[in-house]
Amino acid sequence: MEQIARTWWLVLIRGICAIIFGILALVWPGITLYVLVIFFGAYAIVSGLFSLFAAFGHNVQSRAWLIISGIIGILAGIVAFAWPGITALALLYVIAFWAIFTGIAEIVAGIALRKEIDNEWMLILGGALSVLFGILLIIWPATGMLTLTWLLGIFAIIYGIAMVVLSFKVKKLAP
């Protein structure tokens, strides 16, 4: 805690950056989505290259998987750069199906835990909302992408405010 208190200003800067990012995401959602896709592409290529380099330091059995993983990562990065719109849409569908499958699992868990816990309906309701969210993303993908960008912006602003408040709280703890 003492270390955080001494570097309180780093937490403050982190919070301010998050707030700025959130505002920019709300003001320019299209550019934000494009930048996220480009960052994903860069990450995928770098990750793929590291997997290929790591393949030469492992035994033959794991080397094959590292080479395959590296090639897939590099190809995914190239696709993100060449077709950012398709990449954004694919990412949206991954999020949509994740929300649907997670929601179904929560509903099943809520039903299974009916006799074990109180307020299991909250888990079931959360699961139903997750399924609904996923279905809505599939039905309206363009609106879904815009909404996800806005949600990211709102989250970043709220997170940034929390970090700014935290920075001043931990500053008081400095020796």
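Leaving aside neighbours within four places in sequence, with which residues is Ser-167 in contact? In this predicted model, local features need pLDDT of at least 70 and side-chain atom pairs count only at pLDDT 80 or more, while totals for chains, interfaces and linings use all residues. Residues are numbered from 1 along each chain as its sequence is written, and side-chain values use heavy atoms, with hydrogens and water left out.

Beyond those sequence neighbours, Ser-167 touches Trp-8, Val-11 and Leu-12, a contact being heavy atoms within 4.5 Å. Ser-167 belongs to helix H7 (residues 141–171); helices here are DSSP runs (H or I, at least four residues) numbered from the N terminus. With a relative accessibility of 0%, Ser-167 counts as buried, that is, under 20% relative accessible area with a 1.4 Å probe and protein chains only. A polar atom of the Ser-167 side chain lies 2.6 Å from the backbone oxygen of Val-164.

Helix H7 also packs against H6 (residues 120–139), at an angle of about 120 degrees and with the axes 5 Å apart. Axes are lines fitted to C-alpha atoms over the stretch in contact, and angles run from 0 to 180 degrees between N-to-C directions. H6 and H7 are therefore oblique to each other, the class left over when angles under 35, over 145 and from 65 to 115 degrees are set apart. Here Phe-133, Leu-137, Ile-138 and Ile-139 of H6 meet Pro-141, Gly-144 and Leu-148 of H7.

Turning to helix H5 (residues 84–112), this is the place of Thr-87. Thr-87 is buried as well, at 11% relative accessibility. Outside four places in sequence, Thr-87 contacts Val-37, Phe-40, Val-79 and Ala-80.

Definitions and conventions:
Helix = DSSP H or I, 4+ residues; strand = E, 2+ residues; numbered from the N terminus. Buried < 20%, exposed > 50% of the residue type's maximum accessible area, 1.4 Å probe, protein only. Polar contact = N/O pair within 3.5 Å; in protein donor to acceptor, adjacent residues only side chain to side chain.
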